[in-house]
Amino acid sequence: MRYIEPHAHMVSRTTDDYRAMVAAGCEAVCEPAFWAGFDRGSAAAFHDYFRQLTEYEPRRAAQFGLKHFCWLCLNPKEAEDVKLAEEVLALIPQFLDRPTVLGIGEIGLNKNSRNELRVLEMHVDLAARHDQLILVHTPHLEDKRKGTRLTLDVLKADSRIRPERVIIDHVEEHTVRMVLDRGHWAGMTLYPVSKCTPARAIDILDVYGSERLWLNSACDWGESVPLVVVHTALEMRRRGWSQEAIERVIYDNPREFLSQSPKFCLREERKDTTEVRRLKCGPGPGF
Ligand SMILES: [Zn+2]
C-alpha cells in the first residue's frame, strides 16, 4: 500500500529502516526538527543540524528512492534558554528557501513553562513573517490538555495565522476535538510508550471521522516503530475499513496538508521506458 510518513526523525534511524519503509510503500518522509536526546550547546550546533536536515538526510533517503522533507525550529525541550532560542531563530531564515523545507516545526510546549510559551510565540511570529506552514508538538505528560489549550490560544492570538496551515501533532482522545474545532489539522502519533497506540488511533478515527487527521510514527532515537503507520493500516483493514478509506488517512490526508507548501511533491513515476511523469506538486484543481 502507498503511504506518506509525515513525522519521522530519520537522522536517528538506520538504512534498514529506509529500505523497509520504501518496501512497505512509503512515498515521502517528513522530518521535523527535534531534540537530540541531549541539549545542544550552542547555536552553531543547530546550524549544523539544519544542514544535516536539508543537505545530508535528503541524499541518504534518495539512495532508497524516497523523498525527504523537513521542518525547522528549536525544539520545546530546549526552549528554556531564551537567549539561545533567539540565536537559533535568527539562523532559520537562511534555510527557509531550501527546496525540501516545508515550514516551522515541531514547535510547541513541553512543560508549559513561561519561557517555552515565549519561544513558541517567537516561532509563530517567524512562521507568519515568512508565510510558513506550522507543525506543533503537544506535551506527552499529564498536562497535554493544558499545553494544547495554551498552544491553540497562542495561534489564535496571531491574526496572521491561517488555522488550516497548522497541524497539531500527538493529539489524543481528550485533545482532538478542540484542535479540529479551531480549524487546524490533527496528527496522531503511534508510539509504543507515552503516546497513542494503533487501536486507540483507530477508535478516534471511528468517533471523529478522518477529515483533517493523519497518522505518523514519530520514530526517533527512542523505542519506536518506523512501520507503525502500515501496521495500523493493516489493523484498520482487519476492522473492516475499505482500502479507499485507509488510503485517505495514510496518503491523501498528509498529501493534502503538505501540498499547501509548493515544495512538497512525490517521487517521479516512470510510466514506460521513455517517459518520466512527475506527479503533481502543490495544491491545484485536483484538491
Ligand atoms: Zn517528533
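Helices and strands are here DSSP runs, numbered from the N terminus.

Arg212 lies in the loop that runs between α8 and β8. Its phi is near 60°, which is a positive value in a residue other than glycine. Is Arg212 buried or exposed? A residue is buried if 20 or more other C-beta atoms lie within 10 Å of its own. Arg212 has 20 C-beta neighbours inside 10 Å, and therefore it counts as buried.

His170 is not a glycine, although it has a positive phi of about 65°. This histidine is placed in the loop between β6, residues 166-168, and α7, residues 176-181. His170 counts as buried because 26 C-beta neighbours lie inside 10 Å.

Gly105 and Glu106 are joined by a cis peptide bond, with omega at about -5°. Glu106 itself is found in strand β4, which covers residues 101-108.

I turn now to strand β8. This strand covers residues 213-216, and Trp214 is found in it. Trp214 is buried, since 27 other C-beta atoms lie within 10 Å. Which residues does Trp214 contact, leaving aside its neighbours within four places in sequence? They are Pro6, Trp185, Gly187, Val249, Asn253, Pro254 and Phe257. One pair that includes Trp214 is separated both in sequence and in space: Trp214 and Ala61 are 153 residues apart in sequence, and their C-alpha atoms are 22 Å apart.

Asn253, one of the contacts of Trp214, deserves a description of its own. Asn253 belongs to helix α10, residues 243-258. It too is buried, because 21 other C-beta atoms lie within 10 Å. Not counting residues up to four places away in sequence, Asn253 touches Ser210, Leu213, Trp214 and Arg248. From Asn253 to Leu215 the separation is 38 residues in sequence, and 9.2 Å in space from C-alpha to C-alpha.

The next part concerns pairs of helices, and I shall take three of them in turn.

Helix α2 spans residues 43-62 and helix α3 spans residues 82-91; they pack at an angle of about 35°, with their axes 9 Å apart. The crossing of α2 past α3 is right-handed. On the α2 side we find Ala43, Phe46, His47 and Phe50, and these meet Leu84, Glu87, Val88 and Leu91 in α3. How many residues of this contact of α2 with α3 are nonpolar? There are 6 nonpolar residues, together with 1 polar and 1 charged.

The second pair is α5 and α6. Helix α5 consists of residues 114-129 and helix α6 of residues 144-157, and they pack at an angle of about 40° with axes 10 Å apart. The two helices are therefore oblique to each other. Here α5 passes α6 in a right-handed crossing. From α5, the residues making the contact are Leu117, Leu120, Glu121 and Val124, while α6 supplies Leu150, Thr151, Val154 and Leu155. Sorted by class, the contact of α5 with α6 has 6 nonpolar, 1 polar and 1 charged residues.

The axes of α8, residues 198-208, and α9, residues 228-238, come within 10 Å and cross at roughly 60°. What does this make their relation? They are therefore oblique to each other. As α8 passes α9, the crossing is right-handed. The contact involves Pro198, Ala199, Ala201 and Ile202 of α8, with Val228, His231, Thr232, Glu235 and Met236 of α9. In this contact of α8 with α9, the residues divide into 6 nonpolar, 2 polar and 1 charged.

I close with the confidence of the prediction. The chain has a mean pLDDT of 92, and 92% of its residues reach 70 or more. Over residues 282-287, however, the pLDDT is below 50, and this stretch has 8 contacts in the model beyond near neighbours in sequence. Thank you for your attention.

Terms used:
Residues numbered from 1 in each chain as written. Predicted model: local features only at pLDDT ≥ 70, side-chain atom pairs only at ≥ 80, totals over all residues. Axes fitted to C-alpha atoms, helices over the stretch in contact; angles between N-to-C directions. Helix = DSSP H or I, 4+ residues; strand = E, 2+ residues; numbered from the N terminus. Parallel < 35°, antiparallel > 145°, perpendicular 65-115°, else oblique. Left-handed = near helix turned anticlockwise from the far one by under 90°. Contact = placed C-beta atoms within 7 Å. Nonpolar A, V, L, I, M, F, W, Y, C, P; charged D, E, K, R; others polar. pLDDT = per-residue confidence, 0-100. Buried ≥ 20, exposed ≤ 12 C-beta atoms within 10 Å, placed from the backbone.
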